[in-house]
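Please consult the sequence and structure shown below while reading.

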Amino acid sequence: KKYEDTLYRCSSLRKNRSFKRFQFEPEAMIKAINNVLSPYADNLTRFFGYWFKDCIVHNRRVISVIISNQDGDIKINAKYFVDSSGEIILARKAGCGYSFGADGFEKYNEPGAGEKNNSVNAVSYVFRIEPVEEKNYTDIVPEEYRHADISAWKEERMKNTVSCFTAYPNGDINVNMLPTMEGNEYFMLGKDADFIGRARVYAYWNYLQNEKRMKGYRLKHIFDAGIRESYRLDGKYILTENDVRRGLNNEKFLQKTAAIADHALDVHGEGHMCKELDEPYIIPIECSVTNEFDNLFVACRGASFSHVASSSIRLTRTMLSFGESVGEYISDLSA
């Protein structure tokens with residue numbers, strides 16, 4: 001099987017192929033990334049354990065970014081910058097225009113849009129379970145999470161949560177809660193969001209074990225919050241649901257194609273929808289281009305998309321392709 005087999009979502013592409021999911025070990029992905037980067041080791045400097053602190057701008061250029069850790073600050077100067085942070089922290093700090101929340105129908109005339117509000121695609125806490133020898137084994141909820149204030153969620157939402165189960169090569173199972181909490185709730189909770197999210201995972205897993213016959217497995221790991229949407233750049237071109245639905249016949253993008261995607265328009269939580277597409281569509285390079293700066297680009301789920309369009313584009317595999325194209329585009333600019 002090839003990884004490309006996981007990319008066939010549209011019926012027009014799949015034909016007689018069945019839709020395939022691909023679950024890999026994190027270590028394998030890290031190894032693959034290092035293999036890709038290793039030929040460029042002499043021209044590549046990587047900083048781990050740092051956080052973004054500030055940036056320096058002048059006229060229409062970002063001059064430098066400042067990163068920091070416990071040992072102090074480092075200033076990085078460059079000809080071009082690409083913000084791939086997801087939360088577009090550099091673009092927002094530099095002063096680029098951005099949006100947050102669902103766009104109203106009147107903004108882009110999108111069929112899937114309703115009234116403007118602060119809802120964003122919901123957040124999921126994915127977790128991993130492993131089989132154990134004892135068939136009736138059940139996990140004990142850690143003390144710190146037993147008294148979390150999640151009673152309303154347990155009453156209203158937990159039993160209606162739908163999850164996607166995918167097997168790892170070694171027999172472990174990946175459980176994707178759809179969803180764990182509303183997107184705007186996650187951002188409103190701030191520093192408390194992670195604790196509440198993990199408490200909900202333990203409550204849900206306890207429910208699955210005791211009421212859905214999933215005894216005999218142990219909760220092995222809870223991954224960091226899976227954020228589907230947050231801040232979105234207002235860039236040179238904002239891709240909308242209408243562009244997505246035009247598909248590959250969108251002639252105005254043919255010479256500007258940065259990536260091609262075919263995932264459903266897929267909003268979790270508030271404003272829920274899942275509308276499959278008839279054919280793939282084009283993501284133009286202009287979605288990465290900022291209006292305010294000539295040397296700052298955005299290549300992540302926070303690039304220039306409407307709320308509805310971003311629900312399809314946001315997948316990791318699409319962002320990998322999009323980011324590679326942005327890099328090639330910048331390379332051509334530098335030539």
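Strand β2 (residues 61-69) runs antiparallel to β3, and six bridges join the two. Helices (H or I, at least four residues) and strands (E, at least two) are DSSP runs, numbered from the N terminus; two strands pair if DSSP finds at least two bridges between them. The model is predicted: local features need pLDDT of at least 70 and side-chain atom pairs count only at pLDDT 80 or more, while totals for chains, interfaces and linings use all residues. Residues are numbered from 1 along each chain as its sequence is written, and side-chain values use heavy atoms, with hydrogens and water left out.

- Four strands make up another open sheet in the order β8-β9-β7-β10, and the pairing is antiparallel.
- Because β8 (162-167) and β10 (217-222) each have a single partner strand, one side of each is left without a neighbour in the sheet.
- The twist here averages 30° from one strand to the next.
- Strand β9 (residues 173-178) is joined to β8 by six bridges, and the two run antiparallel.
- T166 stands opposite N174 in β9.
- Helix α8 (residues 193-211) packs on this sheet and touches β7 (126-131), β8, β9 and β10, where contact means heavy atoms within 4.5 Å.
- The direction of α8 makes about 165° with that of β10.

**Residue S304**

- S304 lies in the loop between β17 (296-298) and α10 (307-313).
- Is S304 buried or exposed? S304 counts as buried because its relative accessibility is 0%; buried means under 20% relative accessible area, exposed over 50%, and partly exposed in between (1.4 Å probe, protein chains only).
- A polar atom of the S304 side chain lies 2.8 Å from the backbone oxygen of Y237.
- The backbone oxygen of L233 lies 3.3 Å from a polar atom of the S304 side chain.
- Apart from neighbours within four places in sequence, the residues in contact with S304 are L233, D234, G235, Y237, I238, L239 and C287.

Definitions and conventions. Polar contact = N/O pair within 3.5 Å; in protein donor to acceptor, adjacent residues only side chain to side chain. Axes fitted to C-alpha atoms, helices over the stretch in contact; angles between N-to-C directions.
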